[in-house]
Amino acid sequence: MKVLITGANGQLGRDMLRVLARNHRVTGFSREEWDICDHLRTHWILRKERPDAVIHCAAYTDVDGSEDHPRKAYLTNTKGTKVLADGCGAEGVRLVYISTDYVFDGHREEGYTERSIPFPINVYGKTKRMGERWVERLCPDHLILRTAWVYGHGGHNFPRAILERARRNEPLRVVHDQRGSPTYTVHLAEKTAELLVSPLRGILHTAGGGDCSWYEFADAILARADWSRNRLTRISSCELDRKAPRPAVSILRTERLPAAGIEPLPHWKQGLDAFFDERRQNTHD
C-alpha cells in the first residue's frame, strides 16, 4: 500500500514510519511540510500522492497547554482532523486517526471499552473527541485508534523523564491515584500496520494490556533500569496542582479486537521490557 503519515517527526510518527516501511511505500510529513488545517494544500497532497491510506498522528498533545491555548488545540486536533477527514472521504482514502483515552471522564473503575460513552473533562480530550466525530462523519473508510500513556525513544515522555530525574538524583514524586494503560510506540505501530490491511472499521482500543498507576509505572521503570527506588514517593494528583483535570481511570479495554480474532496489544510490562531492550541495543550500537 501507499501510505502517508502526518506528524511523522513526532514520537509516534517516527515509529509508525519505521514499522510501516517494512511492507509498504510510506511517506512521512512534518507539520511544516503539511499543514492539515490548510484545506487547499491537504486536497492537493492527496490528489498528487494518491495514497491508499493516511495515518493521522499529528496532534497538539500538551494537555495543560491546551487549557491555556484552547485555540491551538482546536486548530490541530479538531479543525485539522476535519479538513483531513473531508479530503480522505472525497478521495476514497482510508484514514487511521490516532485518538486518546482522555475522551473519557475517568469514573469507571473497570475502565472503558469501545462501547463506552465518551465524556471528556479537559480541553485536550474535548478537541480529540470532536476530531473523532468529524472522522466518523466525513470519511466512511476510517479507523479511530484510541490509545493511552504513549511512550517511545523520541520526544518527551514519562519513562524518559523518570530516568533523567533519577540520573540527576532528584526526588521522584509520582501520583498513585490515576490508572491507565501504558503503550509502547513500536507495539502500537505494529498493531496499526496489522489493522491497516484488515476489514475492520470504526473505533478500536489499542493500548497496552493491563493497567497500573503512574507510581507503579515509575517503579517498574526504575526496576528495569536497575536504579534505586528509594527517592520514589507516592503523591495524590491534587498535590500537582495541574491546570487540566485528568481522568482518575483511563484504562482502555478492547472488545472488538478479540471478537475479530485479532490479538490485542501486549501487556504494558512486555512493552516496557521491549522499550528497554531496544534502548540497551541502541546504546550498545
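In which hand does α1 pass α7? I looked it up: the crossing is right-handed, meaning the near helix is turned clockwise from the far one by less than a right angle.

Some ground rules I noted. This is a predicted model, where local features need pLDDT of at least 70 and side-chain atom pairs count only at pLDDT 80 or more, while totals for chains, interfaces and linings use all residues. Residues are numbered from 1 along each chain as its sequence is written, and side-chain values use heavy atoms, leaving out hydrogens and water.

Back to the helices (DSSP runs of H or I, at least four residues; strands are E runs of at least two, and both are numbered from the N terminus). I found that the axes of α1 (residues 11–20) and α7 (residues 185–196) come within 9 Å and cross at roughly 50°. Axes are lines fitted to C-alpha atoms, for helices over the stretch in contact, with angles from 0 to 180 degrees between N-to-C directions. The pair is therefore oblique: under 35 degrees would be roughly parallel, over 145 roughly antiparallel, and 65 to 115 roughly perpendicular.

I then checked who touches whom (heavy atoms within 4.5 Å). Residues of α1 including Leu-12, Met-16 and Val-19 meet a set in α7 that includes Val-186, Leu-188 and Ala-189.

Next, the sheet. I see an open one of 6 strands, ordered β2-β1-β3-β4-β5-β10 with parallel pairing (pairing takes at least two DSSP bridges). Its edges are β2 (25–29) and β10 (202–205). β1 (residues 2–6) and β3 (residues 53–56) share 4 bridges, and Ile-5 has Ile-55 in β3 as its bridge partner.
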